[in-house]
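Please work through the exercises below with the sequence and the model side by side. Each one sets a task and is followed by a solution that goes step by step.

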Amino acid sequence: MSILPIVDEFIIALGESDSDDNTESEILSIKSDKIKIYKRVWDEELFKMGAIYSHETNFALSKCTGDWCFCIQADEAVHEKYLPVIKKACEKYQSDFNVDGFLFQYRHFWGDYNHIVDGFHGWYSKEIRIIRNNASIQSVGDAQSFRKLNGDKLNVIEIPGYIYHYGWVRPPQLMRGKKKEQESQYWGKDAAEAMFNEKPLEFDYGALGRIPVFKETHPSLMEKWIANHNWQSKLNSGKKFVTPNRGLYKHEKLKYRILTFIEKNFLAGKRLFDYQNWNVVGKL
């Protein structure tokens, strides 16, 4: 819904699901003629390392008819204040075929809607989310990013806008379920089952008091989700870890904390050894 106002069509490759899944009815409730649903059956042979995600993304791309394809994932949203900027970029570079796509910055929310981890080393700070509709460009890996068919990186323009990533904002019990499902699509269902047998029944977000507070506004369509946030009592708002033998996440590990300190205080935020799956050929 966050990008419907600026697209001509919205292609959804909808995987076959359990009988109690209401994804299709949720999509249809949006009541937009732009939405086109293609029903799919996922190939379990592609579950290892998340290859199923890029496979299904490439199917959806094959159904797109416009000049540009905005590949937004289900846990991502765009703030309405960036829509004019995005439209301007697509119009400006429509005939410049040296430009393969557009690069966005990222906001990663953690635990609730008030904490962000995007400033920490180890979290990807940017990613391609708009690509030229070109058969030589494909989604790769677990659909994190894109490459040309020959393996070359895309030439991109950096846009002064953010993708808001809410994939880590869920009640602890549901977050555990999501992580287990994700692991099954990387390592197989049996391996995921064995992996989670020893884990607590609820995901532990750690000490949120160590995480920066988000002080800006969310996309307006997130208001109802924020209003339904009802798991604050299950979160640790302090600065001390309260779970014994809890594994640390990347933004909590000493190595990444040291790198983050150096980047923020001595390098003006420039990332060391940052992931860059693209060639920046300009900035808007």
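Predicted model: local features only at pLDDT ≥ 70, side-chain atom pairs only at ≥ 80, totals over all residues.

**Exercise 1: Salt bridges**

Task: find how many salt bridges the model has, and describe the pair R40 and E56.

Solution. The rule comes first: a salt bridge is a side-chain nitrogen of Lys or Arg within 4 Å of a carboxyl oxygen of Asp or Glu. Side chains of opposite charge can pair when their charged atoms come close. By this rule the count is 14 salt bridges. One of them joins the side chains of R40 and E56, at 2.9 Å from N to O. R40 lies in strand β2 (residues 35-40) and E56 in helix α2, so this pair ties together parts that are 16 residues apart in sequence. Both R40 and E56 are buried.

Task: describe the salt bridge between R129 and E76, and say which strands hold the two residues.

Solution. The closest N and O atoms of R129 and E76 are 3.1 Å apart. This pair links distant parts of the chain, since R129 is in strand β6 (residues 126-132) and E76 in strand β4 (residues 76-78), 53 residues apart. R129 is buried, and E76 is buried as well.

Task: describe the salt bridge between D204 and R246, and decide how exposed each partner is.

Solution. In this pair the closest N and O atoms are 3.5 Å apart. D204 lies in the loop between α5 (189-196) and α6 (223-227), and R246 in the loop between α6 and α7 (254-266), so the pair ties together parts that are 42 residues apart in sequence. D204 is partly exposed because its relative accessible area is 22%, whereas R246, at 14% relative accessibility, counts as buried. Elsewhere, salt bridges that share partners join R107, D118 and E216 into one network.

**Exercise 2: Surroundings of single residues**

Task: locate H218, and find which residues H218 touches.

Solution. H218 is found in the loop between α5 and α6, and at 16% relative accessibility H218 counts as buried. Not counting residues up to four places away in sequence, H218 touches H79, F109, Y113, Y164, Y166 and I226, where contact means heavy atoms within 4.5 Å. H218 and V78 are 140 residues apart in sequence, and their C-alpha atoms are 8.9 Å apart in space.

Task: decide whether E263 is buried or exposed, and find which residues are in contact with E263.

Solution. E263 has its place in helix α7, and with a relative accessible area of 2% E263 is buried. Leaving aside neighbours within four places in sequence, E263 is in contact with H121, A268, G269, K270, R271 and L272.

Task: locate K63, and find which residues are in contact with K63.

Solution. K63 lies in the loop between α2 (51-62) and β3 (68-70), and K63 is partly exposed, with a relative accessible area of 30%. Leaving aside neighbours within four places in sequence, K63 is in contact with E9, I11 and Y38. The C-alpha atoms of K63 and G122, 59 residues apart along the chain, are separated by 34 Å.

How values were computed:
Residues numbered from 1 in each chain as written. Heavy atoms only, no water. Helix = DSSP H or I, 4+ residues; strand = E, 2+ residues; numbered from the N terminus. Buried < 20%, exposed > 50% of the residue type's maximum accessible area, 1.4 Å probe, protein only.
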